[in-house]
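Dear colleague,

I am handing over the structure below, and I would be grateful if you could look through it before reading on. My notes on what was found follow directly after it.

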Amino acid sequence: MDAGAHNEMMTGAQFLDSLDDGRDVHIYGERVKNVCEHPAFRNSAYSLSRLYDALHDPATQTLMTDIDPDGYRTHRYFMPARSSADLLKARDAIAHWSRLSYGFMGRTPDYKAGFTATLRSDPHLYAPFHDNALAWYQKSARQVMFLNHVLVNPPIGRARSVAEMRDIYLHVEKETDAGIIVRGVKMVATSAALSNATFVAQNSATQYRAGTEEDFALCFILPMNAPNLKIMCRRSYEAAALSPFDNPLSSRFDENDSVLIFDGVLVPWENVLIYRDVERARSFYAASGFLNRYPLQSGTRLAVKMDFICGLLAKVLASNGSSEFRGVRTRLADIVALRNMLWTLTENLCQLPEVRQDGSVVPRLEAAATVRYFGTQMMSQLKPVFNTILGGSPIMQVSSWLDMADPQTRPLIDDYYQGTGQTASERMKLIKLLWDALGSEFAGRHELYENNYAGNNEQVRLDMLRHCETAGVMDQCTSLVDQCLGDYDETGWAAPGWRFEPRHPEIR
């Protein structure tokens, strides 16, 4: 380890302290005083704090961290990569963090690091706010800040122009010496209640009309305790959990999703990256390198989750006594193949990367778009397998841990709820984990998340196709067909070597 490096990375305790900052979080009709103590958030907050402690643990610090170009120790993915080897090391750091939540926390701090690291690579993309970009890189990398993001306008008025939705969509209201005043709403702010700041911009599908919609063409970063910023949370699966036995995942890994309401919020000039610039607001998503980088985090996290799901399915099949059935094993193989594909794709992202203007490297855009494409399909492919080969197993479970503690019912449970070579307690513990992962409301949110977090269904596909066209992939494909077409014409082979003997077709 480099003892001379600066180390300002937050510890787990410092991260938790950073969340007690007066932020305006609303859930169940109340304003939350401290998210780290509230039953809707406290276990998820603690789960996140464990990520920060891993940065300082002597057993994992070398795996997790390195020294950035400015001489500060940071998480490997929070700094620009200089080589394919750097990207692979960053992937391993991402994977270690993800294993601490078994792949069920997706928008951990390394997700938005896919963007903030690019602020160091190309701050001038945000001119005249390039100094802001560099300052935010330094702040986020040195502390390993946790940023959420909101890129999507709410799903209303989609048939109208952006300008016609001024009463709802986020826009600049006025300009002051201190900064800009913004008003409107943005979504979906996953883990907003537990992050340090929000990154506000537009997704790759958003289009603006020059001359009429400049007020919406914004990109900025804002602390979560900014005055007049309201964080409106959905129902908490953590708060609804009965016990660790009943809800081993949702009771500690719930990434509460929020809507952010900007009710006349001041964004200081030093937090602005793009201001009323339609062209830059349209192009930054791909131009920044974020579109190249974030699939390495999201794909690796999903690969870890697939490790967990493969192991869970294998253990439940063994408990059912059906693990050696030929047809069952073929369906398990289908899930393992998806797992293998994801790990292979994440490794491919690190190979033969694109070199940026400053010499840093990012995954090739067409490769990144492919990970993004397949990531949206994982849950829709694996859920039918679970539904088919497990039958009623996930439903044959006791209502809660209280049934296990009831002396009147426990002997019956021990007799009739046991698994193959398993006690009833072991069987119920496994089935409860399965249900929390794939059958509960928490699991339903995860399925929706996996299907939609990368963007709308069509845009994910259109982006991938466009990136392949831009990179020359489609030209390579069509040129191969042209080569074949050039081998022959209606009179025969166009080049020597192949033999051609004219004959008439047989008429029967």
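By class, the residues around the largest cavity are 6 nonpolar, no polar and 5 charged, where Ala, Val, Leu, Ile, Met, Phe, Trp, Tyr, Cys and Pro count as nonpolar, Asp, Glu, Lys and Arg as charged, and the others, Gly among them, as polar. Please keep in mind that this is a predicted model, in which local features need pLDDT of at least 70 and side-chain atom pairs count only at pLDDT 80 or more, while totals for chains, interfaces and linings use all residues. Residues are numbered from 1 along each chain as its sequence is written, and side-chain values use heavy atoms, with hydrogens and water left out.

The largest cavity holds about 80 Å³ of space, and its lining includes Asp 66, Arg 76, Tyr 77 and Arg 293. Helix α4 (residues 84-99) gives the most to that lining, with 4 residues; helices (H or I, at least four residues) and strands (E, at least two) are DSSP runs, numbered from the N terminus. The count comes to 4 cavities of 30 Å³ or more. On a 1 Å grid over the protein atoms alone, a cavity is a set of points where a 1.4 Å probe fits but cannot get out, whereas a pocket is an open set with protein on both sides within 12 Å along at least five of seven lines, and lining residues have an atom within 4 Å of a point. Grid points are joined across faces, edges and corners, and a volume is the space filled by probe spheres set on the points.

The second largest pocket has a volume of about 240 Å³. Of the 17 residues that line this pocket, Asp 246, Asn 247, Ser 250, Asp 436 and Ser 440 are the closest to its centre. Two or more lining residues come from each of α8 (237-240), α16 (424-438) and α17 (441-452), and α16 gives the most, with 3 residues. By class, the lining of the second largest pocket has 7 nonpolar, 5 polar and 5 charged residues.

Helix α5 (residues 109-116) is largely enclosed by the rest of the structure, because 8 of its 8 residues are buried, among them Tyr 111, Lys 112 and Phe 115. Here buried means under 20% relative accessible area, exposed over 50%, and partly exposed in between (1.4 Å probe, protein chains only).

Turning to the backbone, a cis peptide bond joins Ala 127 and Pro 128, with omega about 10°, and Pro 128 sits in the loop between α6 (118-121) and α7 (130-143). A cis peptide bond also joins Met 187 and Val 188, with omega about -10°, and Val 188 belongs to strand β7 (residues 179-190). Asn 228 is not a glycine, yet has a positive phi of about 75°; Asn 228 lies in the loop between β9 (218-223) and β10 (229-233) and is partly exposed, at 43% relative accessible area. Leu 352, also not a glycine, has a positive phi of about 45°, is found in the loop between α11 (326-350) and β13 (354-355), and counts as exposed at 69% relative accessibility.

Finally, the count comes to 0 disulfides, a disulfide being a pair of cysteine sulfur atoms within 2.5 Å. The sulfur of Cys 484 is 14 Å from the closest cysteine sulfur, in Cys 477, and is therefore too far for a bond. Cys 484 is partly exposed, with a relative accessible area of 43%, whereas Cys 310 is buried, at 10%.

With kind regards
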